[in-house]
Amino acid sequence: MPNLLTEPITKIRKIIHVDMDAFFAAVEQRDHPELQGQPVIVGGDPAGRGVVATCSYEARRFGIHSAMTAARARSLCPQAIFLRPRMEAYRKASRQVMNILRRYTPLVEPLSLDEAFLDVTVATADGILAVQIAREIRWCIQQETGLIASAGVSYNKLLAKLASDWRKPNGLFVIPPEKGLDFLSPLPVGKLHGVGPATVKKLSTLGIHTVLDLRNAERETLIAQFGKTGLWFYEIARGIDKRPVQPSRQRKSVGAERTFPQNINDPQVMLAHLQEMASQVSARLITVGLAGRTISIKVRFSDFETITRAYTHAQAVWRKEDLIACLPDLLDKALPVESQPSIRLLGVSVSGMLRPEDSDKHTGQMDLLEEILVESRDVRR
C-alpha cells in the first residue's frame, strides 16, 4: 500500500464528487413554488402499478423511498403530492449543473443526470484547496439553478463518493489522506463500491461485516473467493482506488446480474428474477439518460458454463415493458431442451447505447414518463 502521507503532493489526487439532492423532486419544487415544503413524490400512478422514482426530503420523513410502490407511499403519506416525471426539465437542469462543473476542470465524469466526479488536482496546484472549489461549486449551483447539491472531497473516487453521502442533504464533507483508513474502518462492507447484497451475504459467511474486517482478511483468501474482484476488495479496504476520472467515458451497456445462494431449476422462477432485473436495468437507463437496441441475458449453469442470448430491436428501447417482453423467448433459447437446468447466475443487459436526443431521430418522441424505478442508491438521497 502506498504511504499517502509521504507521497509527493503532486501524486495525491484531489477528487470531488458532486451529488444533487433529491434531484427530480427538487426541480419540481423549484419550478412550482407552491410545492416547497410539501411531501413531493415523482414517479408512477399510486392508483396503478407505479413506483416511486424519487421523493422530497419532506416525503422521506414518512419512510418513503425510491423503488417503493406508489400505492405503499400513498398509504404512508396520504397527503403526498404525486407527479409524473418531466425528463426534459431534469435534463436541462443537469446540463446547467455539468456546465458549472466544467468551469473548474475539463476532467468531469458524469455518472448520471444528477452526479459527477471532478479531478481538480491541476486546479489546486497553485494553492487553492479542493474544498474551496467544492464550496464554490455548490454556491454556484444554488445561485444559478436554484437547486441544492452535496459534495464530497477526497484523494480518490471511492472516498469522494462516500463523503458526498455523509452529510446529505446540502452537505460538504472532506476525507483527507490521513483520515481515509479511520473513516473506512467502521463502515459496513455494503457501503463500498462494487459490493452488492449477494456479496455482502457471502462476505458475512466469511466473518467479514465491516471494512476493517475486510482489511484484516488475507489477500489470497479474497482472491480465492472472488477472483479478480477480491483484489479490488483488498485494495479499497485500504483506501486504494486508482480509477481515473474519465470525462469522455462512454457507457457501452447497462445491466444487472445476480448470483443465487442456491442453484435454481424452475424456469418460472428464473423468468421472475430476469423480469425483476429488467426493471432495474430500465431504471438505470432512465437515470443515466440512455436507451439501447440490444437486449441480452446471461445464464451460468452449475458447472460454470456461461451462455448469452440476445435480441436486437430495430428501435432503441428503455421501457421496462419492452425489456420484459423479450425475456421468455431469450430464456427459452438459453435453456437445454432435454435436461433440467441448474442455474447459479442470471443477468440482463442492454447495449447498442444511444442518448435520448439521438434515439429521437429513430424512434420519434421518447416518452420517458412511463413507470420509473430508480436505482437503490437513490434511497439515501
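Student: How many aromatic pairs does a search of the whole structure find?
Tutor: The search finds 7 aromatic pairs. Bear in mind that the model is predicted.

Student: What makes phenylalanine 23 and phenylalanine 24 a tilted pair?
Tutor: Their ring centres are 6.0 Å apart, and the limit for a pair is 6.5 Å. The planes stand at 50°. Stacked needs under 30 degrees and edge-to-face over 60, with the rest counting as tilted, so this pair is tilted.

Student: Why is the pair of phenylalanine 24 and tyrosine 90 called stacked?
Tutor: The centres of these two rings lie 4.2 Å apart and the planes meet at 10°. Stacked requires planes under 30 degrees apart, so the pair of phenylalanine 24 and tyrosine 90 is stacked. The pair also links distant parts of the chain: phenylalanine 24 belongs to helix α1 (residues 23-31) and tyrosine 90 to helix α4 (residues 87-101), 66 residues apart. Phe23, Phe24 and Tyr90 form one aromatic cluster.

Student: Why does phenylalanine 24 count as buried?
Tutor: Its relative accessibility is 9%. Buried means under 20%, so phenylalanine 24 counts as buried. By the same cut-off, tyrosine 90 counts as buried because its relative accessibility is 0%. Phenylalanine 23 is buried too.

Student: What makes α1 mostly covered?
Tutor: Of the 9 residues in α1, 7 are buried. They are Phe23, Phe24, Ala25, Ala26, Val27, Glu28 and Gln29. These residues pack against β1 (15-20), β2 (40-43), β3 (52-55), α2 (57-60), β4 (81-83) and α4.

Student: How do you know that the charged end of arginine 238 sits over the ring of tyrosine 234?
Tutor: The charged end of arginine 238 is 3.7 Å from the ring centre of tyrosine 234, and the distance limit is 6 Å, with a further limit of 35 degrees from the ring normal. The charged end of arginine 60 likewise sits over the ring of tyrosine 57, at 4.6 Å from its centre.

Student: Why are β9 and β11 said to stand at the edges?
Tutor: The open sheet has 4 strands in the order β9-β12-β10-β11, and its pairing is antiparallel. β9 (253-264) and β11 (306-317) each have a single partner strand, so one side of each has no neighbour in the sheet. Neighbouring strands here are turned by 10° against each other on average, direction ignored.

Student: How do you know that β10 and β11 pair?
Tutor: Strand β10 (residues 291-301) and β11 share 8 bridges in the antiparallel sense. At least two are needed, so the two strands pair. Helix α13 (residues 320-334) lies across β10, β11 and β12 (343-354), at about 150° to β11.

Methods: Residues are numbered from 1 along each chain as its sequence is written. This is a predicted model: local features need pLDDT of at least 70, side-chain atom pairs count only at pLDDT 80 or more; totals for chains, interfaces and linings use all residues. Side-chain values use heavy atoms; hydrogens and water are left out. Axes are lines fitted to C-alpha atoms, for helices over the stretch in contact, and angles run from 0 to 180 degrees between N-to-C directions. Contact means heavy atoms within 4.5 Å. Buried means under 20% relative accessible area, exposed over 50%, partly exposed in between (1.4 Å probe, protein chains only).
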